[in-house]
Each structure stands twice: as structure tokens, then as C-alpha cells.
Amino acid sequence: MGESESENEAPKVKLRPIVRLGMFLISHSHLLSVVCCTAGVLTLLLLPLLAKNTYISENALMPGSANPMLSSQEVSEANGLVKDLTSLDLKRMASGIESQRLIAQYMSNLGAEVSFQKFYPQSNQFHPLHFFSSPDSATIRENISCSSYGLNTVGIIRAPRGDGKEAIVLVTPYNSEKIGLGEALSLGIAYSVFSLLTRVTWLAKDIIWVVADSKYGEYAAVDAWLRDYYIPVFSGLGIQNAEMCHGLEENTIRERNMRDGFKRAGTMAAALVIKVADRSEQFEDSLSIYAEASNGQMPNLDLINIVNYLAVHRQGLRIKVEKMWSLLNCKWLKILGEILESLGHLAKNLNPQWKFGIPAADYVEGTATLTSSLYYQALGIPTGPHGAFRDYQVDAVTLEISSRVSSNNKGRQNDFLLRGGRLIEGVIRSVNNLLEKFHQSFFLYLLTSPTSLYAHANNLDPSFEKNESNHPASAADELGITLRSWKWLYAAKKVLVVHLWGAVVLLLPYFICQIPNCTPTTSFVVWVLLSIFSLLILFWILGSPFSYVYASQPQQREWALLKSVTISAAFIGLCLMSVINFATAEIGALLMVPMCLMAHPLKLDVKSRKLRNFSRVACNLALGFIGFPPTAFLVFKGVFEGFDGISVGDFWNWLESIWAWSSATYLYIGMIHLPCWILCIHVILHPC
Amino acid sequence: MAHLPRRTHSILLILSFQICFSTIFAVFGSVFFQEEFSEELLLKPLPDRKVLAHFHFETTAPPLSTSHGRHHHLFPKAIAQLVQKFHVKEMELSFTQGRWNYDRWGGFDPISSSNAKPPGVELWAVFDVPKDQVDASWKNLTHTLSGLFCASINFLESSTTYSTHEWGFHPSSGGLRYGTLPREAVCTENLTPWLKLLPCRDKAGLSALLDRPSIYRGFYHSQRLHLTSSEFHSSGVESGIVLEQALTVVLQPNSHKMSKTFSSETKLQPSWSLSSIFGRKVTGRCILAKTSNVYLQLERGLVTGLENLQKDNMITGPDHVGSGGLKDNPGFELSVRPDKMFKEVNSLHGKSSSILYEYSIERYSVFEPFDLGLTWKFPVVWSCPRAPLHSSRFLMGSGNQRGTIAISFTSTDLEEGFLSANIGEESCKLQADIFQVVPWYIKAYYHTLRVFVDGQPEAITNVVEKMHVSPSEDKESPGVMELVLKFPCAVKSAALTLEFDKGFLHIDEYPPDANQGFDIPSAVIIFPNFQTSMHYLEDNSSNKSPMLSKFQEKSPVLSYTEVLLVPLTTPDFSMPYNVITITCTVFALYFGSLLNVLRRRVGEEERILKNSASKKAGRLPQLLSRLSAKLRGKEWEPPQSPSTSSSFISSKLILKVFIVAGVAVFWQYYSE
């Protein structure tokens with residue numbers, strides 16, 4: 001009988017293999033999504049293992065091929081500057097202008113062109129209309145008082161035989177009101193390099209040294225200078241104002257020239273921000289590299305590589321990259337690392353060419369670095385003044401050098417200046433060698449250690465696997481209901497309305513900010529209340545068609561439709577976000593994908609009273625709890641930093657910092673994550 | 001046969017007559033039209049502790065009609081042929097490395113306005129041919145020069161690189177073509193052919209000073225070739241061809257690093273001598289040269305500074321009585337006593353006038369080389385005369401889509417008296433002409449031109465008096481903008497902005513180093529109301545030096561702006577590889593499925609399927625069939641027929657394979 005049936009049906013049912021494969025996948029969508037999700041998470045955990053060693057892909061850079069020319073003579077000159085600056089600080093009588101004048105004097109004695117750049121602090125106010133564009137400089141100068149301005153000092157060395165088309169920028173932020181020893185030392189390092197570069201013959205690019213006045217923040221000063229460099233305003237409203245309140249007696253014509261002219265030099269090839277940490281290290285001199293700019297943009301990897309190569313192999317500095325320190329003591333991570341290590345050993349025994357095992361300690365360290373790299377990229381906030389350069393497509397890194405002991409010892413300080421200066425000299429020399437702009441190496445990557453990376457090019461796979469897992473699930477849900485009846489349209493409408501609400505929630509903080517004397521906690525509470533209120537209003541206004549739908553079609557499949565549309569929306573949102581900021585999408589997918597896939601009405605589960613259903617209920621509740629952005633933030637903060645002293649106000653502060661830097665993560669949270677969470681909760685609590 | 005010797009005799013006679021005649025003619029000719037060569041060197045201390053050396057060689061050839069046809073005595077034949085072939089009326093070619101610092105090295109003297117050139121190669125030429133042949137002549141000229149000077153001047157042949165103008169840059173109308181190559185690297189390979197044009201090359205005379213390492217170590221290096229010929233136009237006196245070769249270098253004297261005291265007042269200028277800056281001495285003149293002089297110029301500012309110093313000294317020590325200007329000046333000491341001293345006349349610019357010392361090097365030889373040295377005794381600080389407005393050009397905006405070119409002018413605070421001398425009339429206007437060429441891929445929108453004067457936006461009609469724009473054509477011609485601006489005299493700062501879009505190039509139009517960016521050549525800024533001319537009082541005007549007479553010529557103050565670098569979008573040049581890979585994959589898939597369809601025999605397949613369904617066996621095949629049934633979307637049916645021997649063997653085989661593999665793994669694991 002069976003034979004006859006197959007005989008009859010085989011020619012008809014015979015479909016193309018691809019279609020058959022698709023149907024097979026759809027019919028097993030649950031299993032498939034679980035497999036994909038776990039595969040994605042596993043790959044993320046395996047990333048430290050899969051990371052590759054970095055290499056310098058641009059041959060023209062040739063780091064360390066020349067002997068450093070920086071000698072003790074420059075260092076002793078730099079020491080003079082450091083001494084003068086610190087004595088200025090000791091005197092206290094000197095206003096901020098004195099230190100700038102001193103630095104300018106030192107610069108012009110080297111034969112550099114010096115100019116001052118005055119800027120006004122810019123309040124970090126959230127303005128919804130200016131989210132994507134930096135606020136108009138005309139609007140900044142609304143209320144400036146004469147006393148409150150910062151003064152950047154800019155020195156430029158023209159390359160002797162260069163054509164002046166390109167420039168390398170050195171930035172040393174320092175607080176003109178109170179100069180710490182670290183800041184003075186960073187100025188000293190930059191000065192020693194600068195004085196060397198005025199004499200060398202190999203210079204092909206101009207050197208700009210920006211001494212940024214970090215009275216109002218390092219980023220603000222550098223950003224103000226860059227804005228004047230790239231988008232100067234000619235119709236100066238502020239000019240007369242500035243002229244009126246000079247407050248400085250202009251001694252010589254020369255000084256006035258310095259003040260008037262904003263000096264420029266060509267297209268910027270790269271920028272280095274030099275800082276010296278005030279804290280001292282225990283064991284050896286070390287160097288921290290900060291590279292994350294706004295929205296997780298990274299400088300070209302070659303730049304980090306040169307710094308790393310020169311610091312480790314030439315100057316003997318220990319390189320540190322930011323880590324999640326709390327992860328280092330994680331038990332389960334260690335166990336995982338050990339398992340992976342033994343697996344690696346096993347594999348190596350089987351075939352000596354399989355070398356994927358790394359020691360457990362390295363694994364844990366790599367994971368900690370990776371997590372921190374992922375987090376800072378996802379946050380979308382620049383980790384230093386170098387972020388300002390990235391906005392103008394200039395590759396930049398911040399180098400923070402910290403010395404072994406507090407450098408009171410004179411010889412020790414000289415050695416420190418010499419090493420720091422030689423490192424900077426080497427990097428500048430490498431960039432100077434470069435004929436073209438940085439274009440050879442990666443610019444989308446996660447660092448797992450200073451010498452290894454994980455390039456996003458390879459990294460795209462796991463997360464897309466995760467994302468892909470959405471599709472089958474949604475398709476499976478839709479399969480039950482015929483697509484041709486336009487029922488899913490109502491669900492889509494609902495999803496759209498919730499996303500609109502997300503946009504409204506995003507705008508609310510602007511109004512909450514206007515309320516004077518608000519503690520973070522109260523503003524957060526106000527925000528939550530207002531959001532709920534607006535949600536209710538939206539449902540009241542636009543919700544009537546839905547109620548009609550509910551009434552007319554009492555169907556239990558409504559939640560399935562809603563779930564599938566939610567999953568599609570989440571998929572689209574994650575895809576968009578992965579283009580803008582991959583790390584955000586990655587973390588978001590970790591939280592959101594399981595939540596969206598697991599969502600199932602509680603009522604149905606409770607009714608059926610099976611172990612499987614109860615476990616699903618538990619999962620749903622846990623995921624729903626962790627998926628809510630504030631709780632997710634607080635839980636992670638608690639896990640990493642300890643639970644004491646945590647308040648909901650922290651979330652408000654965190655969010656405030658995100659929108660102040662106009663990070664796309666803010667948009668992601670409001671427009672994608674929160675609506676999807678609401679919809680999932682809606683599905684979970686669906687009255688079937 | 002007998003009259004043959006007579007005939008030879010007569011021929012000889014005629015020949016000798018001819019020779020006699022021609023020599024007489026030549027002697028007569030030499031009085032009026034003889035080829036002449038002169039070599040001069042001007043040295044000038046610069047305010048920022050550097051020294052300017054300006055070599056000036058001039059060769060003149062009489063007009064063709066009065067000379068011996070194509071034969072030349074001193075004049076380089078290559079140049080003469082070039083002039084005749086392409087009918088060049090005037091031409092200037094310059095090779096430059098480094099930037100002229102208009103603030104520190106001066107922008108208001110004949111040297112800076114005619115010898116400060118943009119980096120790379122600049123070429124302009126005026127042709128005396130009908131308008132439709134100008135382009136052809138230009139192309140041929142670029143190729144000839146390219147061969148002559150070992151440079152890639154032939155890139156100027158393409159119509160996207162050169163431009164024509166109506167007015168502005170050069171007063172001549174019609175057949176002028178102008179082109180620059182900002183990226184051309186300049187080195188000795190360009191200097192050697194340039195020196196070959198000199199009659200003594202670099203073997204004797206002043207040009208022997210040109211030690212390659214020392215002149216290329218300098219801060220600025222510009223070799224220039226200027227050619228004027230009056231062969232082809234009837235108007236005026238026929239002066240033949242004048243070839244003017246100038247080499248301007250700015251060198252840093254090797255000074256011992258002085259103890260740094262951080263007050264600029266007490267810094268002594270570095271002392272130098274010819275042997276210390278060039279590493280060589282002058283061992284005599286080029287014998288073919290008519291004049292061979294070395295000059296030392298002291299600028300007005302320096303002279304004023306020295307006079308002040310002298311006054312101070314007179315106050316402190318009355319025994320130092322300055323007599324005859326600065327002959328016994330206290331500021332510095334010269335190792336060789338000058339032969340003559342000139343003072344600038346008619347200087348309306350300031351109180352003091354610049355001073356020129358002349359050394360004639362005719363009396364020096366190998367045994368007694370000329371080595372001029374200058375030793376500073378007291379520190380002097382002075383500044384150079386600068387152009388009325390300091391101009392700089394820069395790019396605004398970021399990103400790969402659009403940008404803005406901005407030219408900003410800042411007043412250089414000229415002395416009051418100087419400006420007031422020019423004011424005269426009521427409505428005092430400061431005229432500045434701008435000539436700017438942009439390549440076609442910089443799509444400048446000329447309607448977006450905006451002008452700001454002293455920080456206030458101005459209507460264009462108020463400032464721009466005359467404007468000529470020829471928009472660029474894609475892959476055809478560059479965009480040219482010529483402007484005549486009239487600023488009020490009291491202008492402090494002014495700015496011009498012009499927006500542009502960045503264009504796309506075709507993949508094969510990218511240069512090999514496309515990621516470096518693309519250059520916008522320098523703009524030329526001319527101040528026609530300000531003439532640079534230096535008139536030195538000379539005792540006898542008959543023996544006039546060509547360089548000094550060049551200085552006397554009135555020429556407008558001219559300055560070049562910076563070269564700009566525009567990063568354009570560049571394709572990923574490894575893309576072709578990716579495209580090939582993907583295309584191949586697609587083709588493979590397509591042909592694979594096509595072949596599959598073509599060679600499929602449906603009936604046969606069904607029969608095989610039926611057969612295989614009838615014989616079922618083993619756990620693995622069972623699983624497989626279950627999977628395939630799933631794939632087909634049917635209910636799986638357990639096989640009815642018991643396992644046959646063949647399938648049993650196959651499962652056994654698989655088992656064996658597994659066992660062998662396991663043993664191998666085990667062995668490998670424990671053998672180490």
C-alpha cells in the first residue's frame with residue numbers, strides 16, 4: 001500500500017532540493033533557532049581563541065627601522081619646561097594665561113609658528129533637533145562671559161622641504177588652572193619631540209602641536225580646535241565680543257599676530273593624544289591605548305599596531321588595553337578556559353598543526369579585554385579626546401603613559417621623558433613615512449589583547465546566525481495562519497505604534513532636563529511615569545481599531561502574529577544597528593533575540609501544566625526581567641562593580657552621558673530595544 | 001685640364017674672401033648683437049637665521065636675422081630650436097621643492113614675487129601662433145621640455161591639466177597656456193639638464209658653487225627658466241631671445257647650537273661664509289661670462305636695525321663714528337671688502353633704504369678663491385617687507401561628499417606711511433586678483449562664492465569687480481576662476497569661500513597612489529596696485545647688471561597659496577579580485593544546475609528510486625531515508641523488506657572504517 005502511494009505521489013511531490021531544504025528548516029524552526037542562538041553565544045565565547053595576531057599591513061610605515069634621534073639634550077630642555085610649568089603652578093598667582101604664554105614662548109623659541117585659539121565651553125545639552133549634527137556655532141555663543149573661555153595654544157612646524165599638504169597632530173591636554181605633574185610631564189614629552197622635529201631633515205608632513213586647555217574638559221577643547229580647523233565661521237559674531245574682553249595687554253605685535261591668526265597645515269594624516277597618568281604603576285612603565293571613538297568607530301589598526309610595536313619592542317613599555325577587571329576573577333570563565341585549554345592540547349596531540357589552544361589565564365584575560373572592548377564600542381562614547389578627530393575621519397589614538405614610581409627622582413624622570421619621547425618620535429616617523437592615508441588595515445575590529453584582534457569581517461557570521469534565527473521562527477508562526485488574509489497587518493500596526501511610542505520616550509528627557517533641581521532618581525522616575533502615561537494615551541487614541549479587532553476575531557493566534565512581526569522588527573532593527581555600531585547590535589542581540597524567540601503567553605503555559613511549559617514560563621520571566629534596559633544595566637553594573645550603592649539614578653546618568661555624546665546607542669535603546677521589550681511583554685501577558 | 005689649378009685657385013680666393021668678409025661682419029655684429037652671458041649671485045641674510053642665495057644667469061641671443069642662422073656661440077641650441085619650432089613668445093618653467101615662507105622671507109620684493117613658486121612644476125607659455133594651433137604647440141612644447149628636463153611635464157599635455165586665461169595672471173592676451181604639476185618631485189636629475197644650458201655648466205664660475213647635497217638640504221629650492229623672444233612679433237625693438245635662468249635656495253647656515261636662553265632678543269644670527277653654506281668656494285669666473293658678480297643685499301629692515309644699533313653705540317661709545325653709511329657698521333663684519341656699494345634710491349617705503357654690496361670675482365682664481373663670509377657681532381632683529389595681505393587657502397568640511405575651498409586674507413599691518421602714500425584718492429581700494437584652477441573632479445559651484453570682509457558677509461557685487469569663470473567639464477577641462485577683488489584699504493581680514501562636490505573618477509583614471517588624495521594646484525594672488533621694483537643708484541649705467549635691471553622692472557606683487565590635498569573616495573582596488581571570485585561562483589552554480597536539468601532523465605530516476613525503496617537496510621540508510629522523507633515532506637514509512645546482503649556489507653564497511661580511525665587516533669594520542 002505504501003509502495004503504491006509513493007508511486008502515485010512521488011512525481012507530484014518531488015520539489016526542488018532548495019525548497020525542500022527550506023521547508024525542512026521551517027518545520028524545525030524551534031530547534032534551529034535554539035542551535036543558532038547557542039552557536040552565536042558560543043562563538044562569542046570562543047572569540048579570544050579565534051583571535052588572530054596583528055601585523056602591520058602597510059609596508060610603508062616601517063616602524064622602528066630608524067634609530068631614535070631623541071637625545072638627552074632635548075630631554076633636558078623638556079625638563080626645563082616641566083620645571084617652569086610646575087613652578088608656575090606653585091606660585092599660584094599666575095592665571096591660566098601665564099602658562100599658555102610660557103608654552104607659546106617655548107614653542108616660538110624653537111622656530112615654530114604659534115597661535116592661540118580661544119573657545120567657549122559648550123554646554124552638553126541634549127537637543128533633539130541637533131542629535132545628528134553638532135549644534136550651530138552661532139547658537140553656542142549666546143551667553144558668553146569674558147572670563148569663561150579656554151585658550152588652546154597651537155604650534156606648527158613646517159616640514160622643511162615638504163609641500164605642506166599633510167600634517168600630523170600631537171595633542172597634549174592640560175588644565176591651565178591647575179597643572180598636575182602628569183600633565184606637565186606630558187607637555188614635556190611632547191615638547192622634547194617637538195624640539196627634535198624642528199631640526200630633523202626627514203620631515204615630510206607638518207607637525208601641529210595642540211596644547212589643549214582642558215579647563216572645560218579635554219574633549220571640548222580638542223573639539224573646539226577641530227571645529228575651528230574644519231568648519232570655521234567667517235561671519236564672526238563673537239569677534240567683537242572677544243576683542244572687547246581681551247583682558248590681556250598685548251605686549252608686542254608678535255603676540256597679537258599669534259592671537260589673531262588661526263594657523264593651519266594641510267590635511268591631517270593622524271593624531272596622537274599624549275597623556276601621562278598621575279597614578280604610578282607598580283612594576284614597570286606601561287602604556288594604555290584608548291582607541292574607541294563615537295559610535296564604536298575605531299582608528300585604523302595599523303596605527304595601534306605601530307604604537308604597540310614600538311612600545312613593546314623598542315621602548316620596553318608594557319601595553320595595557322582596557323579590561324573588565326571583575327571578569328578576571330570569574331570562576332566559570334576560568335573553568336571554561338581550562339576546558340578549552342585541555343581541548344586545545346588534545347587537538348594538538350591529534351594533529352600538531354591544530355593550534356587553537358591558549359592557556360586558561362590568557363583566555364580569561366582575552367575575554368576580559370574583549371568584553372571591555374565590546375562594551376566601550378557599544379556605548380558609543382569616545383574614550384578620550386581622540387574621539388573628536390574621528391568625527392572628521394582622522395585616525396587618532398590616546399596614549400596614556402604611566403611611570404613605575406612617582407617621578408620625583410630626577411634621573412628617573414629623565415628616563416621616563418626619554419622613553420616617552422622616543423615612542424612618540426617613532427610613531428611620528430612611521431606616519432611620516434606614509435605616502436597615502438591609512439587604508440590598508442582593518443577598521444572594524446575588537447581587540448582581545450594588544451597584539452591580537454578579532455576583525456569584524458569574520459565576526460559578522462555568528463551574529464548574523466543569531467539574527468537569521470529570527471526568520472524561520474517568524475515564518476513558522478506565520479505558517480499556521482494564511483499569509484494571504486491581511487490579518488498580520490493589524491499586528492504590524494501595533495508594532496509600528498509601539499515603535500512610535502519609543503520615539504516619544506526618546507524625546508522625553510529633553511523636557512525632563514528643563515525641570516530645575518532634579519536629582520537623577522527623580523528624573524528617572526518622572527521619565528518612567530511619563531513614558532507609561534504616553535503609552536496609555538497612545539493606546540487610548542490609536543488603540544480603538546485593535547479593540548475592534550479583538551472583539552471581532554477572538555482568535556488565539558493573534559499573539560503568534562504579533563510575535564512574528566515583533567521578531568521581524570527586531571531583526572530589521574538589529575541589522576540596521578549592526579551597520580551603525582556593530583558592538584551595540586551584538587550586545588543587543590544577546591539580550592533581545594532569546595527574549596523575542598521565547599515569548600509565549602503565560603496563560604497558555606499555565607493552563608497546560610507541564611514541566612516544559614513551566615520552564616518556559618521561568619525563562620520568559622527571567623528574560624523579560626533582564627531585557628528591560630534599566631534592569632539590564634543595573635544587573636550588569638551590580639555584577640561587575642558590586643551591588644552596594646546602586647540606584648536607579650545611575651541609569652539616568654548613564655543615559656544622560658550617552659545622549660550628551662549623541663551616541664546611536666541611545667536611539668537603539670529607545671527605538672528598537674524598548675519597543676521590542678514592550679511587545680514581548682505584551683505577548684507574554686497576552687489574554688488568549 | 002690646364003685651367004683646373006686656376007679654377008681651384010679662384011675658388012680658394014673666393015673662399016678666403018668669404019671668410020674675411022664673414023669675420024669682418026662678425027666683428028661688426030659683435031658690437032651690436034652678440035650673444036652674451038652673465039652670471040650673478042645674490043646673497044641675503046633672512047630674519048629667521050637663514051640665508052637666501054639667488055643665482056641668476058642670463059644668456060641672450062641676437063635675433064635670427066642678424067646672427068649666423070642656426071649656429072650659436074653661447075646660447076643653448078636646444079632652447080633656440082624650441083623657440084623657433086613652437087613659436088614661443090614667452091615661457092617660464094619652474095621646478096620647486098619646499099614652500100616659500102611669505103611671512104619670514106618677504107613677500108614684497110622682486111625676488112619673492114618672481115622667484116617664489118608653488119611646489120612642483122609650473123609652466124606657462126605664450127605662443128605666437130594662430131589661436132587654433134596654440135593647443136597643439138603647447139602639447140609639443142610639454143613633450144619637448146619633458147625630455148629636456150627629465151621631468152614628467154608631458155602630463156601637462158592632457159587638456160584636464162592646463163588652462164587658458166583671459167586676463168589676470170599674465171597681461172598677455174591670447175595664446176597663453178598655464179599648467180602646474182604640484183606633485184612633481186624635484187631633484188638633481190632636473191638640475192643637471194638645467195645647468196647644461198649654461199656655457200660653463202657647473203665647471204667654472206659661480207655655478208661651480210652648486211654642490212648638490214648642500215643645495216638640496218635647504219629649506220627652499222626653486223630653479224626657474226624664463227624665456228622671452230621677440231623673434232616673431234614686429235612691434236618694438238628686436239632683442240632676440242633672452243634666456244634667464246635663476247636658482248633660488250634658502251639655506252640654513254650650520255650654526256653651533258647655542259646655549260638656549262629663552263629670550264629672543266639676545267639670540268645672535270648665525271655667521272656664515274660661502275664655504276660653510278655651499279661647501280665650496282668660488283675659484284674664478286666663467287671665462288665666457290660678460291659680467292660675473294656676487295652681491296650681498298641688506299634689507300631695509302636690517303639696515304634700519306643696524307642704524308639703530310649704530311646710534312646706540314654712538315651713545316655708549318663716541319669713538320665709533322659711522323662714516324659713509326654703514327661701511328663701518330657695528331653689527332657685522334665681512335671677510336672680504338666689497339668693491340662697490342649701492343644704495344637703493346627712491347624708497348618711499350621707509351626711512352632707510354636697502355644696501356647692496358658688489359663683489360666682482362674677476363680677480364679671484366684657484367689660488368686665491370673667493371669666500372665671502374659674514375660674521376655677526378651683535379644680535380639684530382628685523383622683519384621682511386610683506387605683501388599687503390597675507391593670503392592662505394584651506395579646505396573646510398569633512399567627509400567624502402563635499403567640501404569648501406576658502407581663501408582667507410589677513411592684513412599684514414603695513415607701515416602707515418606706505419598705505420597713506422597709496423591712498424591718495426577718497427575711495428581707497430585695495431585690489432587683489434585671484435587666479436585659481438581646480439581639476440574637474442573638484443566640482444566647484446561658482447554661484448556659492450561668498451565673500452566676508454572683516455567678519456561680515458558682503459554682497460559679491462560690492463567686492464568683486466570683475467569675474468571670469470569657466471566651469472570645468474568632466475574629463476575635458478579644469479575649472480578656472482579669475483577674480484578682481486576690491487577691498488577697502490582698512491580691511492583687517494577677508495575670506496572667500498567656494499563650495500564643491502567631490503566627483504568620481506573612473507577606475508583607470510586613478511593614479512597608483514590614489515589613497516594619498518588629489519591635489520588642487522596653488523591659486524595665484526596678485527596685487528596689481530603694488531609694484532615691486534628696486535632701483536639701485538649705480539655709477540655708470542653702461543655696465544648694467546642684468547639682475548639689477550631685472551629688479552628695476554616694475555612687476556606686481558604676486559604670491560602663491562598652498563597646494564591643497566583633497567581626499568576623494570577611492571574604490572577598493574582589490575575589488576576586481578572579489579568580483580572575479582563571485583562571478584565565477586555564480587557561473588559555476590548556474591552551469592551546474594543547467595547541466596543537471598539538461599542531463600536529467602525523469603523516467604530513469606523514478607525507476608531507480610523505486611528500486612532503492614524496495615531494498616532498505618541498515619540503521620544509517622534508514623536514518624537517511626527518514627531524513628529524505630522529511631525533506632520531501634512525506635510521512636516516513638518503515639521499510640518492509642528485510643535487509644539485504646549488500647547493504648549489510650556497506651554498514652559493516654562503515655563500522656570497519658570507524659574502528660580503524662579510532663585505533664589511529666588512539667595510537668597517535670598515546671605515541672607522543
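1. Let's start with confidence in chain B. In this predicted model, pLDDT (the predictor's confidence in each residue, from 0 to 100) is lowest in helix α9 (residues 416-423) of chain B, with a mean of 46, and highest in α4(B), at 93. Helices here are DSSP runs of H or I with at least four residues, and strands are runs of E with at least two, numbered from the N terminus. Chain B has a mean pLDDT of 80, with 79% of its residues at 70 or more.

2. Now for two helices of chain B. The axes of α2 (residues 77-86) of chain B and α4 (residues 134-149) of chain B come within 10 Å and cross at roughly 170°. Axes are lines fitted to C-alpha atoms, for helices over the stretch in contact, and angles run from 0 to 180 degrees between N-to-C directions. That makes α2(B) roughly antiparallel to α4(B) (the label for angles over 145 degrees; under 35 is roughly parallel, 65 to 115 roughly perpendicular, the rest oblique).

3. On to chain A, where an open sheet of eight strands runs β2-β3-β5-β4-β6-β9-β7-β8 (chain A), with mixed pairing. Two strands pair if DSSP finds at least two bridges between them. β2 (113-119) and β8 (318-321) of chain A are at the edges with a single partner strand each, so one side of each has no neighbour in the sheet.

4. Inside that topic, β3 (residues 150-157) of chain A pairs with β5 (residues 206-213) of chain A in the antiparallel sense over five bridges. G155(A) sits opposite W209(A) in β5(A).

5. Some housekeeping: residues are numbered from 1 along each chain as its sequence is written, and chains are lettered from A and ligands numbered from 1 in the order written. Local features need pLDDT of at least 70, side-chain atom pairs count only at pLDDT 80 or more, totals for chains, interfaces and linings use all residues, and side-chain values use heavy atoms, leaving out hydrogens and water.
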